Amino acid sequence: MNNTNNKQNNEEEKNKKHIVSLKMDEEINIEDNLSSCEDEDVLYDDDDCDCEDCEHEKHEKHDCDCEDEKTQNSEKPPMLGNEIRFYADDFKQAGSVLAYLRRDAEKNNVPILRPESAKYLEKIVRKTQPKKVLEIGTAIGYSGTIILSSCTSAELITLEKDEESIKKAHINFAKARVDGRVTTILGDCTEIVPELRKSGMKFDFIFLDGPKGQYPILAPDLIELLETGGTLLADNVLFRGFVNSEGIVPTRYKTIIKRLREFIKMCKENENFSSVIIEDIEDGLLIATKK
């Protein structure tokens, strides 16, 4: 009888150890998948992606962002393995795309917002929480993605004259899952901005990062487009330090420097504006609030 009990006990211990081993293996697999999410190079999970601009082999589809879908997802039971990776990537998608875009821009010499200026843009958007935003200069969608990911209730209208750039921006907005809140307009900003003003549109936040020589031409309309209490942020206003320098300006930059100085003067002298030049952040920023 004792031998029989001992045999049963041994079998039970063996089974317990086997179960524990299986659970440990599952936990290890979960940890492996979570740690793989930390790699910012991994943006998506679909091998069939035909995106020409993405050099990564793995992509992740997200076909629906409706509230019903989000509610269903939140009610799902605990997830294992690759399911955990899907939702972790979804949570950090915009940040991963921004990291990818910066590397890609540096590799291909595409001008985008510099790192410290990008941090400042994010900080101001988080602080002001604008609902309606106008951006002059879409490029590949880098700064637009910062704006939309920093304020989840914001809607963005962004202007770009280069067709190839705007095509890439469409792809990148979709990758970051902010494309549902952005309207891109292809054309010359000096023609589009006056039309926006005539339409009676108003914006809580305007980010100016287009052709520097056009800043003073755009300024009167941008001031009118801005809501009372709204914010204007302009990039590259000191242009390599020449704008506030008394030294000799290279011939090829004279027109740009002259016009940037005009723009700064217009903002400072406008009685409806309170403006500050931030000189210690890269190529200089101007931030202004409409009274």
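**Close-up views of a predicted model**

**View 1. A salt bridge links Lys-132 and Glu-155.** Their closest N and O atoms sit 2.8 Å apart; a salt bridge here means a side-chain nitrogen of Lys or Arg within 4 Å of a carboxyl oxygen of Asp or Glu. Lys-132 belongs to strand β1 (residues 132-136) and Glu-155 to strand β2, so the pair ties together parts that are 23 residues apart in sequence. Strands (E, at least two residues) and helices (H or I, at least four) are DSSP runs, numbered from the N terminus. Lys-132 is partly exposed at 39% relative accessibility, and Glu-155 is partly exposed too, at 41%. For these labels, buried means under 20% relative accessible area, exposed over 50%, and partly exposed in between (1.4 Å probe, protein chains only).

A quick note before moving on: this is a predicted model, where local features need pLDDT of at least 70 and side-chain atom pairs count only at pLDDT 80 or more, while totals for chains, interfaces and linings use all residues. Residues are numbered from 1 along each chain as its sequence is written, and side-chain values use heavy atoms, with hydrogens and water left out.

View 2. Lys-119 is exposed, with 52% relative accessible area, whereas Glu-116 is partly exposed at 41%. Searching the whole structure turns up 7 salt bridges.

**View 3. Lys-212 and Asp-209 form a buried salt bridge beside a pocket centre.** Their closest N and O atoms are 2.9 Å apart, and both residues are buried. Along with Pro-111, Gly-210 and Asn-236, they lie nearest the centre of the second largest pocket, which 31 residues line. On a 1 Å grid over the protein atoms alone, a pocket is an open set of points where a 1.4 Å probe fits, with protein on both sides within 12 Å along at least five of seven lines; lining residues have an atom within 4 Å of a point. This pocket's volume is about 760 Å³, meaning the space filled by probe spheres set on the points. Helix α6 (142-150) and strand β2 (155-160) each supply at least two lining residues.

**View 4. Asn-236 has a positive phi.** The angle is near 65°, and the residue sits in the loop between β5 (226-235) and α10 (254-269). Most residues other than glycine have a negative phi. Asn-236 counts as buried, at 12% relative accessibility. Glu-282 also has a positive phi, near 45°, but this one lies in the loop between β6 (273-278) and β7 (285-290) and is partly exposed at 31%.

**View 5. Leu-208 sits in the largest nonpolar core.** That core has 35 residues, and Leu-208 is one of those with the most contacts inside it, as are Ile-136, Leu-222 and Phe-263. A nonpolar core is a set of buried Ala, Val, Leu, Ile, Met, Phe, Trp, Tyr and Cys residues joined through side-chain atoms within 4.5 Å. Helix α9 (residues 215-225) gives the most to this core, with 6 residues. Leaving aside residues up to four places away in sequence, Leu-208 touches several others, including Tyr-215, Leu-218 and Ala-234; contact means heavy atoms within 4.5 Å.
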